[in-house]
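Have the picture open while you read.

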Amino acid sequence: LSSFCLEAIQQANSMGVATIVDHGSLHQRTESRLLTEELQRLGLPYAGSGASQWIIDKEDREFQAADHVMVLSAAAKRSLVEEGVSANKIFVNACGVDLSCFKPRPRSDDVFRVVFCGAITPRKGIHDLMRAFSELSLPRAELWVVGGCTDPGYRQMLERFATPGVRFLGTFQQADLASIYSQGSVFVLPSIADGFGMVVTQALACGLPAIVSANVGAADIIREGENGFV
């Protein structure tokens, strides 16, 4: 796993053993830049946002020392290449979904319902989704926000976009998410930076189209206009 394996790679190299770094996000430098820009745009504190510099430096050394680097998406690969990692050593291995658990369930009504699932943080872009939902003023529509928020300042900012149709449902066990997704009409993940976003494949498996940002790795599996939009 990236940021934990430099010494192991060096030892393996000395023994002639092939090495693969498993990196689950965009390049940390890319993520830090994107998140800092977003926090500045929102007028929120951004000091120390993203990974520490020593971790970024260590991961750069791991990427250079390893034989291969495994990422979850084209967006993640692109960010590593832009930061100097050889494209020839990077391969994409996208996340799957457990179809025995995530499958359509009966709907209880016909309300137009937007579903978001993830940590309620600036990184996930929930502020843009809530603003859009508020401005649309759709009749007989709801926005379900599934996830937890540990930042009171961010939660207070989100309240500016709160409308009667917005419901904060809190957190759920993985086994319960299929029932939540199945009550929706569309799933939205507008992340600023997301190495993949397994919630997207889960929602698709439950029958929802998905709308994602270009920086969500799961954009790889969106067929524009067929199962969603990027």
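Where is the place of Arg140? Arg140 sits in the loop between H5 and S5. Keep in mind that this is a predicted model.

Most residues other than glycine have a negative phi.

Ser137 isn't a glycine either, yet it has a positive phi of about 50°. With a relative accessible area of 57%, Ser137 is exposed.

## A sheet of three strands

Now for the open sheet: it has three strands in the order S1-S2-S3, paired in parallel. Strand S1 (20–22) and strand S3 (90–92) are the edge strands, each pairing on one side only. On average, neighbouring strands here are turned by 25° against each other, direction ignored.

Zoom in on strand S2 (residues 68–71), which runs parallel to S3 and is joined to it by three bridges. Met70 stands opposite Phe91 in S3. Helix H4 (residues 74–82) packs on the sheet, where it touches S2 and S3, and its direction makes about 165° with that of S3.

In soluble globular proteins, nonpolar side chains tend to be buried together. Here, the largest nonpolar core has 47 residues, and those with the most contacts inside it are Phe102, Ile126, Leu143, Tyr181, Phe187, Leu189 and Val200. Strand S5 (residues 141–146) gives the most to this core, with five residues.

What does Leu143 touch, leaving out residues up to four places away in sequence? Its partners are Val114, Leu129, Met130, Phe133, Gly165, Val166 and Arg167.

## A pair of helices

Last stop: helix H1 (residues 6–14) and helix H3 (residues 53–65), which pack with their axes 9 Å apart at an angle of about 25°. Angles under 35 degrees count as roughly parallel, so H1 and H3 are roughly parallel to each other. Their crossing is left-handed.

Who makes the contact? On the H1 side you'll find Leu6, Glu7, Ile9, Gln10 and Asn13, and on the H3 side Lys58, Arg61, Glu62 and Ala65.

Key
Residues numbered from 1 in each chain as written. Predicted model: local features only at pLDDT ≥ 70, side-chain atom pairs only at ≥ 80, totals over all residues. Heavy atoms only, no water. Pairing = 2+ DSSP bridges. Helix = DSSP H or I, 4+ residues; strand = E, 2+ residues; numbered from the N terminus. Axes fitted to C-alpha atoms, helices over the stretch in contact; angles between N-to-C directions. Contact = heavy atoms within 4.5 Å. Core = buried A, V, L, I, M, F, W, Y, C linked by side-chain atoms within 4.5 Å. Buried < 20%, exposed > 50% of the residue type's maximum accessible area, 1.4 Å probe, protein only. Parallel < 35°, antiparallel > 145°, perpendicular 65-115°, else oblique. Left-handed = near helix turned anticlockwise from the far one by under 90°.
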